[in-house]
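The sequence and structure are shown first, and the description follows.

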Amino acid sequence: MTQLTIRRPDDWHLHLRDGAMLAGIAPESARHFGRAIIMPNLVPPVVTSEQAAAYRARIHDALPLGADFTPLMTLYLTEQTDAADVVQAHKDGIISAVKLYPAGATTNSASGVTDFDKVRGVLDAMAEAGVPLCVHGEVVDPDIDIFDREAVFIDRVLDPIRKATPGLRVIMEHITTKQGVDYARSGGETLGATITTHHLVINRNAILVGGIKPHYYCLPVAKREEHRLALREAATSGDATFFLGTDSAPHIDPLKENGCGCAGCFTATNTMSILAEVFEQDEALENLEAFASLNGPAFYGLEPNGTTITLTKGDPVAYPTKIETGDGPVTVFDPMMPLHWRVS
Ligand code: NCD
Ligand code: ZN
């Protein structure tokens, strides 16, 4: 196969930031994607429907003229979140989901949840109204090794929440482990999972072997090879549980190449080329459309995009190594392999 036409893909987990960074990187996602679930971890976070509507307007302003891209907004769940505001914002079409960050788990998550009992009322209201919950699934307990934090979260937090709130639609975001794959698979129709582009390509060696490589550091951190292989199998299987959430998370180079470097890989620019390469390697190109364009909308109760994109195989694709933004340069994820599929 040298040409593949699929429904226009969506990105079910994206960081677009704000201000000059937003202006610099929004075109990178709008070029290939039809919609994206926009993460609310700005500083300060997007916690009310009014803030979500204002952020959505800023995103629209940052898009290139004529862009075919719809931002799907989320609210950042805090222990003060008002259940009525969440339900109303969802009903009004201002938000598509609510995002749960355990406090301190990742970039700009200080306002997240520490005491899960304090959000019980909001979660019940969301289950009742059909508002999906996007979950950053890592415990923050300093006693738990960073490579075990996802698996421990499933047992200690996620499974109890789902049992206490039957009917709540949950997206396990950016899963990075075999345990995540297995749990997502066993969860029935109320449970979905996103997988990033970079976690299909790198294992933890990419970060640590031959010198520390800050541009491969993200959260959840990449795990051992056996976990990457489990993610590859899940993503390329066509199983409707799994769909693309790139977690493309730009930070300017000085904040990545730093004594305390920020977490996040920026993959918006070359994601579709990387995915086509990965699915071809696994002899599963016929399932790329399910992963990138069909399974996500189905979970969110939306129609797939009405338009298509065509990927063509040829000579290695040239893409920029950095995107220059008004805030500074952002390094594009290097998959450490030539990419042969371009979006035409
Ligand atoms: C994200 C960011 O930079 O906002 N970083 C990351 O490593 N993925 C936060 C997140 O999604 O965890
Ligand atoms: Zn993220």
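How do the residues of the lining of the largest cavity divide into nonpolar, polar and charged? They divide into four nonpolar, nine polar and three charged. In this classification Ala, Val, Leu, Ile, Met, Phe, Trp, Tyr, Cys and Pro count as nonpolar, Asp, Glu, Lys and Arg as charged, and the others, Gly among them, as polar.

## Basis of the description

The model is predicted: local features need pLDDT of at least 70, side-chain atom pairs count only at pLDDT 80 or more, and totals for chains, interfaces and linings use all residues. Residues are numbered from 1 along each chain as its sequence is written, chains are lettered from A and ligands numbered from 1 in the order in which they are written, and side-chain values use heavy atoms, with hydrogens and water left out.

## Cavities

The structure holds four cavities of 30 Å³ or more. A cavity is a set of points, on a 1 Å grid over the protein atoms alone, where a 1.4 Å probe fits but cannot get out. Grid points are joined across faces, edges and corners, and a volume is the space filled by probe spheres set on the points.

The largest cavity has a volume of about 110 Å³. Its lining comprises 16 residues, and H15, T106, T107, L219 and D247 are those nearest its centre. Lining residues have an atom within 4 Å of a point.

## Pockets

A pocket, in contrast to a cavity, is an open set of grid points with protein on both sides within 12 Å along at least five of seven lines.

## Backbone geometry

Most residues other than glycine have a negative phi, and most peptide bonds are trans. The exceptions described here are two cis peptide bonds and one positive phi value.

V43 and P44 are joined by a cis peptide bond with omega of about -5°. P44 lies in the loop between β3 (35-38) and α2 (49-62); helices (H or I, at least four residues) and strands (E, at least two) are DSSP runs, numbered from the N terminus. L219 and P220 are likewise joined by a cis peptide bond, with omega of about -5°. P220 is found in the loop between α8 (205-208) and α9 (225-236). N108 has a positive phi, near 50°, and lies in the loop between β5 (95-100) and α4 (120-129).

## Helix packing

Two packed helices are described by the angle between their axes and the distance between the axes. Axes are lines fitted to C-alpha atoms, for helices over the stretch in contact, and angles run from 0 to 180 degrees between N-to-C directions.

The axes of α5 (residues 149-164) and α6 (residues 178-185) come within 9 Å and cross at roughly 20°. The two helices are therefore roughly parallel, a term for angles under 35 degrees; those over 145 count as roughly antiparallel, 65 to 115 as roughly perpendicular and the rest as oblique. E150, A151, I154, L158, D159 and R162 of α5 make the contact with Q179, G180 and Y183 of α6, contact meaning heavy atoms within 4.5 Å. This contact has four nonpolar, two polar and three charged residues.

The axes of α3 (residues 83-91) and α4 come within 9 Å and cross at roughly 25°. This angle makes α3 roughly parallel to α4. On α3 the contact involves A83, V86, V87 and H90, and on α4 it involves G121, V122, A125, M126 and A129. Seven nonpolar, two polar and no charged residues take part.

Helices α11 (residues 271-281) and α12 (residues 288-300) pack at an angle of about 140°, with their axes 9 Å apart. Their arrangement is therefore oblique. M272, L275, A276 and F279 in α11 meet L288, F291 and A292 in α12. This contact consists of seven nonpolar, no polar and no charged residues.
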